[in-house]
Amino acid sequence: MKIIGLWILVLMALAAQLVQAGTAEPTSFTRQGILSYHFHSELLGRGFVIDVLLPLTYNPEANTRYPVIYMTDGFMHFPMTAPNLIQEQIPDARGKAKIPPVILVGISHPTDSSSLRMRLTDFTPVPGEIQGALLGGGADRFLEFIQKELKPFINNAFMGDENDETVAGHALGGLFALHTLFNHTDSFDRYVIGSPSIWWAGKQILESEVAYAERHSDLPKNVYLFIGGEETCMDDMSVCGVRDFGDMLQRLESRNYNSLSLTKRIFERENHGTVVNPGYDKGLEQVFKSQLRPRKYSF
């Protein structure tokens, strides 16, 4: 009888643990104000995942147009940035918010073995050598996809404002943003650029900066450039993040563009990965403080 009683106690304990543990079933992720789409590009012949964060005050019945932020590498950076944007749209005790109601659009490549190759293709302006192979060079086509396919979708579906658009890119995405700034300047009004891969293809982006300066006497854009203080030179000196970042800043500042609103920041004790969240947080806040410049499309 003692043995039977002991087994009953053991079974009761196991049953109690099972009840306390609860159950879980897989489901689709949903959160109010965030929508996700599988977007097929006819221009590029392949697909992206597009995540959309709508403003807290979004009303599809109202005749209100909202600024739009287009963010590269949405799979990694959209989940970090979206909560901050939600909080910063909430007015403080004085009734002031850090940023106005905005739409955030995250652009993600497939999360499979093709991801790196597709990022290299879409974010780099010219081919570059990687382990003996020439890769990349499709930035203009990727921008064309954003201009001709993605922007019309966002503006028609969610009342995006075609006259108030921001691009946010980090690393190779930052290189794409720099390339757009110098070669298709009026594609966006505000530029938030983090840890740009200036090293790509023998620092070809510096040639674009020079070419722009030779053709123009002004750069009427709101630009925020940031990098982590720990992004120093690699052992083989092929990549020197902070040094190249400083070189680009010096070039831009030496041009004396009257209408350029340029803010830069090196985040000390942050590396290439950890700088993304504070960089986007402060960068988006800053570019929305600056006066919007009128523009015309030149793409």
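**Exercise 1.** Determine whether Phe 142 and Phe 145 are buried or exposed, and classify their ring pair.

*Solution.* Both Phe 142 and Phe 145 are buried, where buried means under 20% relative accessible area and exposed over 50%, with partly exposed in between (1.4 Å probe, protein chains only). For Phe 145 the relative accessible area is 0%. The ring centres of Phe 142 and Phe 145 are 5.9 Å apart and the planes stand at 40 degrees, so the pair is tilted. Rings of Phe, Tyr and Trp (its six-membered ring) pair if their centres lie within 6.5 Å; planes under 30 degrees apart count as stacked, over 60 as edge-to-face and the rest as tilted. Both residues belong to helix H4, 3 residues apart, about one turn of the helix.

The model is predicted: local features need pLDDT of at least 70 and side-chain atom pairs pLDDT 80 or more, while totals for chains, interfaces and linings use all residues. Residues are numbered from 1 along each chain as its sequence is written, and side-chain values use heavy atoms, without hydrogens and water.

**Exercise 2.** State how many aromatic pairs the structure holds, and classify the pair of Phe 39 and Phe 145.

*Solution.* There are 20 aromatic pairs in the structure. In the pair of Phe 39 and Phe 145, the centres are 5.8 Å apart and the planes are at 65 degrees, so the pair is edge-to-face. Phe 39 lies in strand E1 (residues 34–41) and Phe 145 in helix H4 (residues 139–158), 106 residues apart; helices (H or I, at least four residues) and strands (E, at least two) are DSSP runs, numbered from the N terminus. Phe 39 is buried, with a relative accessible area of 14%.
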